[in-house]
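Dear colleague,

Please find the structure below, followed by a short account of what was found in it.

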Amino acid sequence: MSLEGERISELRATAHPLRLQMLSLLTGAELSAAEVARELGVTQANASYHLRLLHSAGLLEVAGEESVRGGRAKKYRHPWDAERPPSTSATEDDRLAYARVLADAIPRRFATRRRGERAQFTDADLWVEPEVWDQVFALVTEASRLFHAAARPPRTEGTVRASLSVAAFRLEGEGEAR
């Protein structure tokens, strides 16, 4: 996939497990490709490729540069709270690919959970009043913002590694009540 010219949608860019990990990592830290590669156990070339793709999709910003053995290395960060216009280039296939990557991440992350610790699982396909839906959506949004805002660099003293995956959306309903 070429990174030149065409900008891919944000959803398409995130529809890859490694890129999801990178976004999480760069939410709480500003890191170079070499640092990302070491943290995620991938080659620097692979990390660089995926970082450039995320940057070209507008999901990463260059937070600075550092001198490394006579060269310059960009430091990236994920501005998770940046105001972005709604994506008009995302297709329904992009949205479905993103949902699949999120769904696949849950069992992978769950396998690395700390045994004996509490966990919360909810699965619901329910009919509720619009006001209840609005309240639930607001609470889920607030939980996501709190989690992202509190992100710190990996292994920062006084922190714990935790996972949060949420998918909340209205469904089409046969004979939807009005």
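**Findings**

Leu-126 counts as exposed because its relative accessibility is 62%; exposed means over 50% relative accessible area, buried under 20%, and partly exposed in between (1.4 Å probe, protein chains only). The model is a predicted one, in which local features need pLDDT of at least 70, side-chain atom pairs count only at pLDDT 80 or more, and totals for chains, interfaces and linings use all residues. Residues are numbered from 1 along each chain as its sequence is written, and side-chain values use heavy atoms, with hydrogens and water left out.

The loop between α5 (92-110) and α6 (130-149) holds Leu-126; helices are DSSP runs of H or I with at least four residues, strands runs of E with at least two, numbered from the N terminus.

In helix α2 (residues 17-25), the buried residues are Leu-18, Arg-19, Leu-20, Met-22, Leu-23 and Leu-25. Their cover includes α1 (10-14), α3 (33-40), α4 (44-56) and α5. Not counting residues up to four places away in sequence, Met-22 touches Val-36, Leu-40, Ala-47, His-50, Leu-51 and Leu-54, where contact means heavy atoms within 4.5 Å.

Two arginines have positive phi values. For Arg-69, phi is near 45°; this residue lies in the loop between β1 (61-68) and β2 (71-77) and counts as exposed because its relative accessibility is 84%. For Arg-155, phi is about 60°; Arg-155 is in the segment after α6 and, at 66% relative accessibility, is likewise exposed.

Yours sincerely
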